Amino acid sequence: MTIVTQVTMETHKSTMQKVLDVVEKVGNRVPHPAVIFIILIGIVIVLSHIFYLMGVRVSYEVINPETHQVEHATTAARSLLTADGIRFMFTGVVQNFMNFNAVGVIIVAMVGVGVAEAAGLVNALIRKLVAVAPRGLLTYILVFVGILSSIAADAGYLVLIPLAGAAFISVNRHPLAGLAAAFAAVASAFAVNILIVPIDGILTEVTNDAIHLLNPSISIDLTANVWFSIASVLMLTVVVALVTERIVEPRLGPYEGEHTVDADNALSAEERLGLRYATYALIGVIIFLGLLTLPSGAPLRNPETGAIIGNSPFMNSLIVVIALIFLAMGIGYGIGAKTMRSSIDVINAMTKAIASLSGLIFLLLIISQFLAYFNYTNMATLAAVSLADVLKRASFDALWLLVGFTIVVMILDLIITGALPKWAIFAPIFVPLLMKLNVAPEAVLAAYRVGDSPMNSITPLNAYFAMIVTFAQRYQKDAGVGTVIALMLPYVLIMSGTWLVLLAAWYLMGLPWGF
């Protein structure tokens, strides 16, 4: 890039772009993420002891997700500097890491994805997508698929986000814009889908338990938010795509990194044969999984209810299914395209993929300790109940209370990223409270979905945030936490605002939330 071009770009930067540049520079000046979390661990240790000495405690009602009973609970601050706290820190290191599900999910998924990538399948699929998809719709397609990826739990983080970066660079667009668009779709719209996803069953059960506190004769179904969710998916697809093309890409400018771009997306005869073999492998895996899932009494059905969707071995093993699909398709492609000639090539691809995760695994070791210590102190619960009490005592009418509730959930999502823990605390408080103000419980659940998602893409407590930083460093070696936060802030702000407007409009117009 010439000096004149750089000066011209600086001159034409908008105020938002300049603010985001400052965010990126400040964010990237902070220490390595591992050091940041070590510092946060120190802060949690000190604060936990201060709150413990102050005798901070809260009392509240919470729904037990296993028994579906409302239980009265009292939670007090726990210190990490007491004898019990010190024992926990010393004896729990290994178990804290083993309990951190993201580690196992990433490793298992990469076994299959690594083979597919080493064989050349991923590259061929991207070039095929680019060749058949209208250029103007590429962003919309990737975002739409990203939002729907919540049906497969965490697969969107592991598969779609890196694919989006590669797809963008293949059409001479900035790969970080592709990463950002996919990350926004996967993380910041996680709570809605046009399909029924596993989290819907859990949220619905907790909501019904909260409803029964006020009226045992009323219940909602799994489809209670389906119309609002569909509308949200369609709106957010457009919003994320527009933010990408109108804000994020202009700020990034043309990509001038080390990754080369192959302008010719045409596939060779060997690559076409590889895709054909990969298709055969996919069909074979689908048939195999169908035999394990579809017949009555099949092993991947729920052994008690026979259900496939919801709490079933099939849904609980989706990451294994994804890994198996990519493994089979990768091997099939490698045989057809002659990029893999023996089982040794397959094993080498697996070990290389896992070896590439070494830095990330070390960081996840530190993060797992921070989360375990933070949860041990009960500070997240103390904050959630305290904010809920403040909002409950506020003299708001129904709509503003609904909006205020959504904003409180957004704030707490920065420190409590799981959907279920927050809802188990909030549902017995806000569902009956808003029902007394003639607000349907479906509306409260819809508001929770809106609040639970947007912040997922900027909180470092997201188990996959560190992995996104790693993906960004493939294309920009000096990328850091600040780079990712600066990329994602426009999405978070605009998605939060437009989604709140949709929620308020839906409520005011009295539209059905679902059926």
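Analyst: Glu24 is a buried residue, with a relative accessible area of 16%. The model is predicted. The partner of Glu24 is Arg251, and the closest N and O atoms of this salt bridge are 2.5 Å apart. Glu24 belongs to helix 2 (residues 15-29) and Arg251 to helix 12, so the bridge links distant parts of the chain, 227 residues apart. Arg251 has a relative accessible area of 9%, under the 20% limit, and therefore also counts as buried. The contact is part of a network of salt bridges that links Asp21, Glu24 and Arg251.

Helix 12, which spans residues 226-252, also packs with helix 10: their axes come within 10 Å and cross at roughly 150°. The two helices are therefore roughly antiparallel to each other, and their crossing is right-handed. Helix 10 (residues 175-187) has a further neighbour in helix 9 (residues 155-170), where the axes come within 7 Å and again cross at roughly 150°. That makes helix 9 roughly antiparallel to helix 10. The crossing of helix 9 and helix 10 is right-handed.

Another salt bridge joins the side chains of Arg449 and Asp200, at 2.9 Å from N to O. Here, too, distant parts of the chain are linked, with Arg449 in helix 21 and Asp200 in helix 11 (residues 198-211), 249 residues apart. Both partners are buried: Arg449 has 3% relative accessibility, and Asp200 has 5%.

Lys422 is buried at a relative accessible area of 2%, and Asp452 is buried at 4%.

The loop between helix 20 (419-436) and helix 21 (441-452) contains Asn438. This residue has a positive phi of about 65° although it is not a glycine. In contrast to the buried Lys422, Asn438 is exposed, with a relative accessible area of 72%. Asn378 likewise has a positive phi, near 70°, and is found in the loop between helix 17 (358-377) and helix 18 (379-393). Asn378, however, counts as buried, at 19% relative accessibility.

How values were computed
Residues numbered from 1 in each chain as written. Predicted model: local features only at pLDDT ≥ 70, side-chain atom pairs only at ≥ 80, totals over all residues. Heavy atoms only, no water. Axes fitted to C-alpha atoms, helices over the stretch in contact; angles between N-to-C directions. Helix = DSSP H or I, 4+ residues; strand = E, 2+ residues; numbered from the N terminus. Parallel < 35°, antiparallel > 145°, perpendicular 65-115°, else oblique. Left-handed = near helix turned anticlockwise from the far one by under 90°. Buried < 20%, exposed > 50% of the residue type's maximum accessible area, 1.4 Å probe, protein only. Salt bridge = Lys/Arg side-chain N within 4 Å of Asp/Glu carboxyl O.
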